[in-house]
Amino acid sequence: MKKIISGFLSVSLITSALGTLPATFEAKAITVSSDSAASVTDLNKYENNDIIITYKKDSNATKKKTLNICGLSSTAISNAEVAKLTDNSVVLKLDSNDDLETAIETLSQDNRVEYIQPNYIYKLYDTDVNSIYSSFSENTDFTKQWGLYNDGTTTYSESSSTSFWGRPTQTTIQATKGIDIDLMNAWSICAAPKRETVVAIVDTGVMYDHEDLIEHIWTNTEEIPGDGIDNDGNGYIDDIHGWNFYDESVYDLDYIWGNNTTHVEGNNTYYNKNSNIEDSHGTHGAGTIAASNNKIGTVGIASNADVKIMSVKALGGDEGYGTTESVVQGIQYAEENGAHICNLSLGGDEDDTALRSIIENSPMLFTIAAGNGDYYTGRAIDIDRTPTYPASYDFDNIITVANLQCNGNLHTTSNYGATSVDLAAPGSYIYSTSTGDGTTNSNSSIPASSSYEYMSGTSMAAPMVAGVAAMLYSCYDNLSLQDVKNLIMDSVTPLENLSGKCLSKGTLNAYAAIQLAKNGSILQTSTPIPTTSIEPTMPIMTTTITPTTPVIPTPSQTTVAPVVTKTPVYDFLTIDKLTISGGNTYYIGHSYTFTPKVSGGNGNYQYRYQISKNGKKYVNTTYSKKTSIKWTPTASGNYQVKISVKDSNGYDDYYSLQVQVTKLKIKSLKTNKALKKGTTTKFTAKANSGFGTLTYKFTIKKVNSSYSRKQSSKKNVFAWKIPSKGTYKLTLQITDSKKNQIKKTYTLKVKK
């Protein structure tokens with residue numbers, strides 16, 4: 001998947017028209033370990049039964065080699081799958097947690113293996129919970145895009161929570177005039193694209209036939225559509241607009257409590273046409289970058305340039321999950337098929353060696369979301385201290401982006417870091433293309449359609465930077481991608497409240513970046529604000545202008561409709577707390593009761609529960625008056641528990657938490673007397689948990705002898721008469737009625 005192009009990370013000199021860019025900023029602080037080949041052997045880090053194995057450079061990665069050295073039984077080997085990831089790495093997919101444990105232990109000790117790691121789970125960065133806003137009434141679509149042109153009239157309300165169990169508060173956000181990227185003036189200079197620039201959206205899918213995107217979708221001209229042949233020999237059949245790497249079997253948690261959507265992995269199904277949720281995230285980012293200037297919908301930042309969007313689906317399901325495998329494959333595909341810029345609005349908590357390696361050695365420029373705060377509280381995280389990945393990687397080809405509100409403040413959920421985050425960009429209440437309308441009618445059972453909606457998060461901020469980068473790279477063919485990053489960083493609008501929050505201490509300014517590219521200096525940093533309304537679809541500026549006199553398109557004399565802000569008049573419904581009876585550690589076969597504490601709203605609450613793991617639902621109730629539920633886990637793993645509550649007016653809130661159910665374990669194995677020839681010793685076994693009736697299988701074998709004894713029954717006691725001195729191996733296997741199993745071997749030495 002990885003192409004290493006030497007010299008990419010060196011800084012090029014720009015032509016004399018540009019001059020030498022000032023080295024204004026210090027390098028990012030290193031937030032990752034210098035040991036790039038550390039194996040991850042902690043079983044708790046593996047959220048599925050997959051292992052990514054990277055072999056040393058002189059040891060090619062093959063299926064046969066992997067299966068020969070992974071230490072598995074013949075049955076486990078026959079059920080295992082091995083898929084090539086890069087030239088020297090594979091993904092080993094196993095059936096059970098026991099097989100995973102065995103393989104980890106064996107592979108981590110093999111000197112042919114560089115390192116092993118989990119196939120980590122990745123989730124899109126979006127803040128749907130805190131970012132459902134009422135839309136403006138009767139406004140044209142461009143006037144909704146404050147990030148491109150902010151006249152100070154935007155007003156919206158949002159809810160936020162200030163403590164772990166804190167009650168959400170309703171906050172009104174009022175725009176500050178001029179807090180935007182100043183796109184209009186940027187277009188007035190950058191009006192003649194000189195080269196095609198491809199931006200890969202490695203995310204959920206992109207609705208390539210959306211009314212506002214179809215003109216800017218990348219097309220693989222070397223592939224013949226629909227002939228079922230890999231015409232260009234790149235390994236992908238009929239990959240006309242990109243590829244779908246999402247694997248629904250790995251992690252699929254429904255966001256809207258309903259019917260499962262139908263997913264297809266490993267093909268050219270670029271988006272799920274049967275769901276107006278699944279691919280809204282990637283489609284939204286694509287519109288921010290390149291929605292057409294076609295008098296409908298929205299305007300993309302780079303829609304005046306020769307920019308194409310490549311749809312690389314690496315995340316899926318209603319909540320947008322993927323894995324190391326899908327993300328790394330997606331990045332590699334984008335790179336090998338000519339993408340210049342790659343937007344990654346996703347992240348995870350683990351320092352993922354495979355992901356780090358593919359990004360570090362890529363010739364592409366990456367725009368990366370900084371992340372949306374703590375999972376449970378939503379409060380922002382300083383990722384200098386608590387890294388998140390890939391945002392915290394310290395590479396020259398990365399721009400990490402925080403979420404700026406229309407009033408010039410970072411959103412309360414936006415991660416930050418004085419050295420780990422590069423800059424801020426508009427990311428709150430961003431209106432763009434979508435597959436659904438962002439209302440309660442959005443769910444996995446309604447087909448996708450050419451739609452528009454508001455979203456918030458660092459996921460919305462990163463495409464802003466990708467759009468400006470694409471415009472620069474397309475309009476100025478003397479720039480390298482490293483030059484593009486330097487221009488963006490050196491042209492930010494400084495904001496006092498961003499000091500200590502990001503490296504540049506400023507927010508994205510497209511106009512200043514274009515001026516710096518054209519003239520080598522910034523002549524005007526403030527945003528000129530017209531005194532009258534703006535025509536919603538801005539013409540592409542084709543006239544020649546001097547940089548000292550910024551040109552503003554002549555506005556029409558129409559009057560913008562007044563802003564309508566819907567302010568709730570009811571006491572805000574919220575789930576304050578969700579308690580679980582039975583302690584803080586959760587076991588297979590034990591029963592637990594979930595009970596919420598709810599306040600606000602208009603009473604007559606109804607409750608709905610969902611408990612799922614890896615996409616499989618173990619509990620999925622309908623709305624009812626039943627407040628609590630009892631649940632008995634039947635298998636170990638990390639479960640997601642969701643409760644939704646609605647009142648008599650239909651207003652609702654939901655709460656989500658993770659519950660880790662401990663694996664079946666041997667708690668103890670005791671003997672009633674010392675081991676001595678001729679005596680009968682009783683072994684008594686105990687397990688920590690288990691569902692239903694447990695079966696105990698004892699097997700004793702003498703080393704270097706044919707002697708063996710077995711007992712398999714519901715009894716946890718095994719009596720053994722010791723025949724002679726020597727060394728014996730006692731294997732205890734405990735299995736419950738749901739086939740959960742644990743097995744361990746003990747060495748017994750009889751000396752007398």
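**Cores, sheets and salt bridges in a predicted model**

His216 sits in the loop between β8 (197–203) and β9 (242–244). Helices (H or I, at least four residues) and strands (E, at least two) are DSSP runs, numbered from the N terminus. The model is predicted, so local features need pLDDT of at least 70 and side-chain atom pairs count only at pLDDT 80 or more, while totals for chains, interfaces and linings use all residues. Residues are numbered from 1 along each chain as its sequence is written, and side-chain values use heavy atoms, with hydrogens and water left out.

His216 is buried, because its relative accessibility is 9%. Buried means under 20% relative accessible area, exposed means over 50%, and partly exposed lies in between (1.4 Å probe, protein chains only). A polar atom of the His216 side chain lies 2.9 Å from the backbone oxygen of Val307. Not counting residues up to four places away in sequence, His216 touches Ala290, Ser292, Ala302, Ser303, Ala305, Val307, Lys308 and Ile309. Contact here means heavy atoms within 4.5 Å.

Nonpolar cores were examined next. A nonpolar core is a set of buried Ala, Val, Leu, Ile, Met, Phe, Trp, Tyr and Cys residues joined through side-chain atoms within 4.5 Å. The largest has 142 residues. Ile51, Leu92, Leu107, Ile331, Met471, Leu472 and Ile488 have the most contacts inside it. Helix α8 (residues 458–475) gives the largest share of this core, 13 residues. Met471 is in contact with Leu183, Ala186, Trp187, Cys190, Ile301, Ala302, Asn304, Ala305, Ala510 and Ile514, leaving aside its neighbours within four places in sequence. A second, separate core has 44 residues, including Ile588, Val598, Tyr707 and Tyr728.

Strand pairing forms the next theme. Strands of a sheet pair through backbone hydrogen bonds, either parallel or antiparallel. Two strands pair if DSSP finds at least two bridges between them. An open sheet is formed by 3 strands in the order β21-β23-β26, with antiparallel pairing. Its edge strands are β21 (574–580) and β26 (629–631), and each pairs on one side only. From one strand to the next, the twist averages 25°. Axes for such angles are lines fitted to C-alpha atoms, for helices over the stretch in contact, and angles run from 0 to 180 degrees between N-to-C directions. Strand β23 (residues 592–599) pairs with β26 over 3 bridges, in the antiparallel sense. Thr593 has Lys630 in β26 as its bridge partner.

Leu578 belongs to strand β21. Its relative accessible area is 5%, so Leu578 is buried. The C-alpha atoms of Leu578 and Ile643 are separated by 8.5 Å, although these residues are 65 residues apart along the chain.

Further pairing involves β34. Strand β31 (residues 695–702) and strand β34 (residues 726–735) run antiparallel and are joined by 8 bridges. Thr699 has Thr731 in β34 as its bridge partner. Strand β35 (residues 741–750) pairs with β34 over 10 bridges, again in the antiparallel sense. Within this pairing, the bridge partner of Thr735 is Gln741 in β35. β34 and β35 form a hairpin with 5 residues between them. In the turn, Lys739 has a positive phi of about 70°.

Charged pairs complete the picture. A salt bridge is a side-chain nitrogen of Lys or Arg within 4 Å of a carboxyl oxygen of Asp or Glu. The count comes to 9 salt bridges. In one of them, Glu350 pairs with Lys45, and the closest N and O atoms are 2.9 Å apart. The pair links distant parts of the chain, 305 residues apart. Glu350 lies in the loop between β13 (346–347) and α7 (353–360), and Lys45 in the segment before β1 (50–55). Glu350 is partly exposed at 26% relative accessible area, and Lys45 is partly exposed at 31%.

Lys663 forms a salt bridge with Glu101, with the closest N and O atoms 3.5 Å apart. Lys663 lies in the loop between β28 (652–662) and β29 (666–671) and Glu101 in helix α3 (residues 97–107), so the pair ties together parts that are 562 residues apart in sequence. Glu101 counts as partly exposed because its relative accessibility is 38%.

Asp110 forms a salt bridge with Arg112, and here the closest N and O atoms are 3.0 Å apart. Asp110 is buried at 15% relative accessible area, whereas Arg112 is partly exposed at 34%.

Notes:
Polar contact = N/O pair within 3.5 Å; in protein donor to acceptor, adjacent residues only side chain to side chain.
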